[in-house]
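Subject: A structure for you to look at

Hello,

Here is the structure I promised to pass on to you. Please open it beside this email and follow along as you read.

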Amino acid sequence: MNPLLQHGPLLEKLLAGQFICAVTEPEQYQKLQQEALREQLDEYLQPLNRRVAQNDDTSVFFLAYRHIDQDAREHMKQQLQVVMASLLPLLEWLTYVQEALGHDSVLSPGDIVKLQELILKTEDHPSLQQRLQALAKDKFFNSQADSVDAQAKQIAKRLVEHGYLQQPHKERLFFTVTGKMDYLLELVRFIKDEENIPLDEAPQQEDLL
């Protein structure tokens, strides 16, 4: 029996473009810590021009292109356009949360966001209300609500849909930050470092896309 058959669900998730981290898929994430398994997966994925990639902190795994040909470059451009559309509102949301909750550092995988606490802090500060309202109206979050409560919930819902947050219990307004947030921040650092290099001249992007 092919030893990779037991890892079929993991391969399906990776090929579907999912990000595997300790929050979203703890068992699969643990498996990917094994270099031998990653090598097996890479061998299987070679005909598809894919490989298993990870960020610098190894907090999240995802698929990247093995070689950057024209088809891969076009697909990467499309991916980058999608990410860029959400980049600024996501960074603004991170800054807003950091300020509202008085955190010294940016959110990282495994951190808990207590939405009710965030709502209460925002309702007590007009400046935070203005920031939240501007965020909620961004086309990425697409909220038409007027209340702080509804705006915060819509933003959290969208972040769950896009894989940046996970809601372990649907009836509770507690959200866990996933490894995809680290991917986003690493992408920001990459863009900052390579901002003067056109996409067509930046093959290093295979490590992020």
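This is a predicted model: local features need pLDDT of at least 70, side-chain atom pairs count only at pLDDT 80 or more; totals for chains, interfaces and linings use all residues.

Residues are numbered from 1 along each chain as its sequence is written, and side-chain values use heavy atoms, with hydrogens and water left out.

Helices (H or I, at least four residues) and strands (E, at least two) are DSSP runs, numbered from the N terminus. Two strands pair if DSSP finds at least two bridges between them.

An open sheet has three strands in the order β1-β3-β2, and their pairing is antiparallel. β1 (20-21) and β2 (50-54) each have a single partner strand and stand at the edges, so one side of each has no neighbour in the sheet. Between β2 and β3 (residues 60-65) there are five bridges, and Arg51 stands opposite Ala64 in β3.

Elsewhere, β6 pairs in the antiparallel sense with β4 (residues 112-114) over three bridges; here Val113 stands opposite Phe175. β5 (residues 165-166) is also joined to β6, by two bridges, with Leu165 and Val177 as bridge partners.

Now for the core. A nonpolar core is a set of buried Ala, Val, Leu, Ile, Met, Phe, Trp, Tyr and Cys residues joined through side-chain atoms within 4.5 Å, where buried means under 20% relative accessible area (1.4 Å probe, protein chains only). The largest one has 31 residues, and Trp93, Tyr96, Leu118, Ile155 and Leu159 have the most contacts inside it. Helix α4 gives the most to this core, with eight residues. A second, separate core of 12 residues includes Leu10, Leu14, Leu45 and Val52.

How do α5 and α7 pack? Their angle is about 135 degrees and their axes are 10 Å apart. Axes are lines fitted to C-alpha atoms, for helices over the stretch in contact, and angles run from 0 to 180 degrees between N-to-C directions. The two helices are therefore oblique to each other (angles under 35 degrees count as roughly parallel, over 145 as roughly antiparallel, 65 to 115 as roughly perpendicular and the rest as oblique). Residues in contact (heavy atoms within 4.5 Å) include Leu115 and Ile119 of α5, and Val148 and Ala152 of α7.

Enjoy exploring!

Terms used. Buried means under 20% relative accessible area, exposed over 50%, partly exposed in between (1.4 Å probe, protein chains only).
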